[in-house]
Amino acid sequence: MEIKRDVYLERLINRKHNGFVKVITGIRRCGKSYLLNTLFYNHLMDCEIPEDHVILFAFDSADDLIKIGEDPLLLDNANSERKVDPKKFLDYLNRQITDKEMYYLLLDEVQNLGAFESVLNGFLRKKNLDVYVTGSNSKFLSKDILTEFEGRGDEIHVLPLSFSEYFSVYDGSKEEAFDDYSVYGGLPAVALMATEEQKAAYLTTQMQNLYLRDIINRYHLQDDCAIGELLDVISSGISTLTNPRKLSATFASVKKTTISEVTVDKYIEHMEDAFMINRVKRYDVKGRKYIGTPYKIYFEDVGLRNARLNFRQIEGTHIMENIIYNELRFRGYKADVGVVESREQNEDGKEVRKQLEIDFIATMGSKKYYIQSAYAIPDEDKYKQETKSFDKVKDSFKKIILVEKSMKPRRDENGYVMMGVKEFLLDANSLEC
């Protein structure tokens, strides 16, 4: 079954012939190779590009490696640092390019190519090459791209399936789909699995044997238990304010052992680099500045988060907030946690300052939205509590409250919009309602 990834496909199409190396990044198993080698390849065929002018090469494919005279068995040795010989690949490539017409080069797992940075930079000097690559995030990260390509790498970051993409292949109601999505997340392989047993087993195995192992191998970590145990602590506290000191204290309390704040911060950075988690800073709306700490942490895929905790802590409130955060990123928005100051009188009649939170400030260019993830609003008091921070923001940008209950958008006398989260997720234009 084909899962359409039209948003990412359009981003690739919009970057054709722009003179940059198009670099597709994302957490492992999120669909990078499928996007490039199937969806984008089919687009090129639909554009009637001659098939021999589209060159696909996967550096983890035995068939492709044999084409250039490499021995897959030698390269597959886990203890070997040996890479694909760039000269062999370039000799092969030069034999494929026989005229001055445009060629499209689609390279998968390019980090397995020796001196790949120099090779790709060399392609930029060829006027008839349009280059697209994917790489394993354990060795091929956003910061690597920015460093190695000197501003000539154009990154397209791919997330696991959004809820709308997930629902497009789901056999059931949107309520059932959201329930499953909240538990098992959006990795494409999981979305296509038939049973909950398969999904749970796959996610648990992948989290331990692939994602964590990538980090341990990349950074040569000696204490592989510590980072896994820290991940447990982080998983238990998604969408809550935290910092390295608090995490270190929680680690000591729960795990009965110590881990320094410096190590906590370093491990969090490793998890971010592997696209496993995201740190989200707070933004002072009135002061127009970022607040460094505390911050919130969200998972790139909630299914992996749940698997790490053996599916024991499926809190609807926090999971929904995580899903909304990922949806905003999927739509191309930068999402920060908003903070506004409120002056109130305490029981003694003294004026005190309080900080009120706005779950997300979503911005893209001149567009801005304030969003609260409320899960349930059973009465007027809860509604006032959720919108109190909105009342302190005096600008005219749209303010939206999302609840778990299915409901069409409705607007109150202040102009605040409330809608169901499923309606928000399934309508690409829901922010404009």
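Methionine 364 touches Arg331, Gly332 and Tyr333, leaving out residues up to four places away in sequence; a contact here is heavy atoms within 4.5 Å. This is a predicted model, so to speak of a local feature takes pLDDT of at least 70, side-chain atom pairs count only at pLDDT 80 or more, and totals for chains, interfaces and linings use all residues. Numbering runs from 1 along each chain as its sequence is written, and side-chain values use heavy atoms, with hydrogens and water left out.

Back to methionine 364: the residue sits in strand S9 (residues 351-364), where helices (H or I, at least four residues) and strands (E, at least two) are DSSP runs numbered from the N terminus. Methionine 364 comes out as partly exposed, at 30% relative accessibility. The cut-offs are under 20% relative accessible area for buried and over 50% for exposed, with partly exposed in between (1.4 Å probe, protein chains only). Arginine 218 is 146 residues away from methionine 364 along the chain, and their C-alpha atoms are separated by 33 Å.

Zooming out, the chain holds 18 helices and 13 strands. Its radius of gyration is 24 Å, close to the 22 Å that the globule rule gives for 433 residues, so the chain is as compact as a globular protein of that length. That radius is taken over C-alpha atoms, and the rule is 2.2 Å times the number of residues to the power 0.38. The C-alpha trace spans about 80 × 50 × 45 Å along its principal axes. Of the 433 residues, 52% count as buried. Among contacts between residues at least 6 apart in sequence, 66% join residues at least 24 apart.

Now for the inside. In soluble globular proteins, nonpolar side chains tend to be buried together. A nonpolar core is a set of buried Ala, Val, Leu, Ile, Met, Phe, Trp, Tyr and Cys residues joined through side-chain atoms within 4.5 Å. The largest one has 91 residues, of which Met271, Ile324, Leu328 and Ile371 touch the most other members. Helix H11 (residues 196-218) gives the most to this core, with 9 residues. Apart from it lies another core of 25 residues, among them Tyr92, Leu93, Phe116 and Leu124.

Isoleucine 371 has contacts, beyond four places in sequence, that include Ile324, Leu328, Phe360, Phe390 and Ile400. Isoleucine 400 is part of strand S11 (residues 398-403) and is buried, with a relative accessible area of 0%. Again leaving aside neighbours within four places, isoleucine 400 is in contact with Tyr369, Tyr370, Ile371, Gln372, Phe390, Val417, Met419 and Leu431. Phenylalanine 360 is 40 residues from isoleucine 400 along the chain, with 9.9 Å between their C-alpha atoms.

Serine 389, in helix H17 (residues 380-391), is buried too, at 2% relative accessibility. Outside four places in sequence, serine 389 is in contact with Val340, Leu356, Glu357, Ile358 and Gln372. Lysine 405 lies in the loop between S11 and strand S12 (410-411) and is exposed, with a relative accessible area of 59%. Lysine 405 touches Tyr375, Gly420 and Glu423, not counting residues up to four places away.

The peptide bond from threonine 293 to proline 294 is cis, with omega near 0°, and proline 294 falls in strand S7 (residues 289-299). Glutamate 109 has a positive phi of about 55° although it is not a glycine; this residue is in the loop between strand S3 (103-108) and helix H6 (116-123) and counts as buried at 13% relative accessibility. Phenylalanine 311, not a glycine either, has a positive phi of about 60°. Phenylalanine 311 is in the loop between helix H15 (302-308) and helix H16 (316-330), and is partly exposed at 22%.
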